[in-house]
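This briefing goes through one protein chain, from its overall make-up down to single residues. Please keep the sequence and the structure open while reading.

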Amino acid sequence: MLDKNSPHPLYSQLIDGLMAEIEKNYQPDEKIMSEREICQTFDVSRTTVRQALAEMENLGYIYKKHGKGTFVSKRSQDQKNLAEAYSFTESMKAINKTPRTIIASFEEISANKHIQDTMQTTNETVFRLIRIRLADDEPMMYEVSYLPVDIFAGLTLEKIQGKPLYDVFKEDYRVTIRYAEEEFSAGIVREVEAENLGVSEDSPCLRIKRLTYNDQGEIIEYTLSAARADQFIYKISHKHDRN
């Protein structure tokens, strides 16, 4: 049961409860409880359930099939360490395409246990930034990023609208990117991604989970991306240390 007297929002508590339930009792691609069953099991409203499921879908933990229900996502274990920080803007310019970013949402939200564990933080809130990345006005990627509030205190929509996010890190906060870790997996496009990418639901996509670190070894960015498989080619350059 959830603690309705806790300072943590019910939907955030529900996310932690559902994730624990999934890890214990469900396998990838297995259908989970319906919204009504979750309401009855955890004694919460339908609104709270939908808010929690939407956040879990953003985190890549579940996916929905229209008319069929909600299912557990596959979680790739293969990691690739990048020698240089990836920039969508610079990558598109390198292949002579004009990059553009649409900011769909920017807000400070409660950090559930999954976000805290992934970002290795005890902060109770994080910034959540949702972006659609375009090249030559063609939607290419749907990205959900989480940023630590303590490192980027005072971050506003106006700041991130004016220039690329990594430029904001460097110029506004004097934060240097040291390295990044990324996980890649094949996936299918979810409903909200399909609407923003201009493709049909269940189309193939490349899923990318990214953790970016600063010079102090702190995680400064946790990003989950869905890239269109019919448009996006992801190229990685690795530097080899001869020593």
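The model is predicted. The protein contains eight helices and nine strands.

**Whole protein**
- The protein has 243 residues, and buried residues make up 48% of them.
- Among contacts in the protein with a separation of 6 or more, 61% are between residues 24 or more positions apart.

**Helices α2 and α3**
- Two packed helices are described by the angle between their axes and the distance between the axes.
- Helix α2 covers residues 35-42 and helix α3 covers residues 46-58; their axes come within 9 Å and cross at roughly 110°.
- That angle makes α2 roughly perpendicular to α3, because angles of 65 to 115 degrees count as roughly perpendicular.
- The crossing of α2 and α3 is right-handed.
- On the α2 side, the residues that meet α3 are E35, R36, I38 and C39. On the α3 side, they are R46, V49, R50 and L53.
- Sorted by class, the contact of α2 with α3 has four nonpolar residues, four charged residues and no polar ones.

**H114 in helix α5**
- H114 sits in helix α5, which spans residues 113-119.
- H114 counts as buried because its relative accessibility is 11%, and buried means under 20%.
- The side chain of H114 makes a polar contact of 3.2 Å with the side chain of Y222.

**L134 in strand β5**
- L134 belongs to strand β5, residues 125-135.
- With a relative accessibility of 4%, L134 counts as buried.
- M92 is 42 residues from L134 in sequence, yet the two C-alpha atoms are 9.1 Å apart in space.
- Leaving aside neighbours within four places in sequence, L134 is in contact with F88, T98, P99, R100, I102, P139 and M140.

**L197 in helix α8**
- L197 is part of helix α8, residues 191-197.
- The relative accessible area of L197 is 0%, so L197 is buried.
- Which residues does L197 touch, not counting those up to four places away in sequence? They are P139, M140, M141, Y142, A226 and R228.

**Loop residues with positive phi**
- D29 is found in the loop between α1 (10-25) and α2.
- D29 is not a glycine, but its phi is positive, at about 70°.
- Is D29 partly exposed or buried? D29 is partly exposed, because its relative accessible area is 34%.
- D137 lies in the loop between β5 and β6 (138-148).
- Phi of D137 is near 65°, again a positive value in a residue other than glycine.
- D137 counts as exposed because its relative accessible area is 52%, and exposed means over 50%.

Terms used
Residues are numbered from 1 along each chain as its sequence is written. This is a predicted model: local features need pLDDT of at least 70, side-chain atom pairs count only at pLDDT 80 or more; totals for chains, interfaces and linings use all residues. Side-chain values use heavy atoms; hydrogens and water are left out. Helices (H or I, at least four residues) and strands (E, at least two) are DSSP runs, numbered from the N terminus. Buried means under 20% relative accessible area, exposed over 50%, partly exposed in between (1.4 Å probe, protein chains only). A polar contact is a pair of N or O atoms within 3.5 Å; within protein, one must be able to donate a hydrogen and the other to accept it, and residues adjacent in sequence count only if both atoms are side-chain atoms. Axes are lines fitted to C-alpha atoms, for helices over the stretch in contact, and angles run from 0 to 180 degrees between N-to-C directions. Angles under 35 degrees count as roughly parallel, over 145 as roughly antiparallel, 65 to 115 as roughly perpendicular and the rest as oblique. A crossing is left-handed if the near helix is turned anticlockwise from the far one by less than a right angle, and right-handed if clockwise. Contact means heavy atoms within 4.5 Å. Ala, Val, Leu, Ile, Met, Phe, Trp, Tyr, Cys and Pro count as nonpolar, Asp, Glu, Lys and Arg as charged, and the others, Gly among them, as polar.
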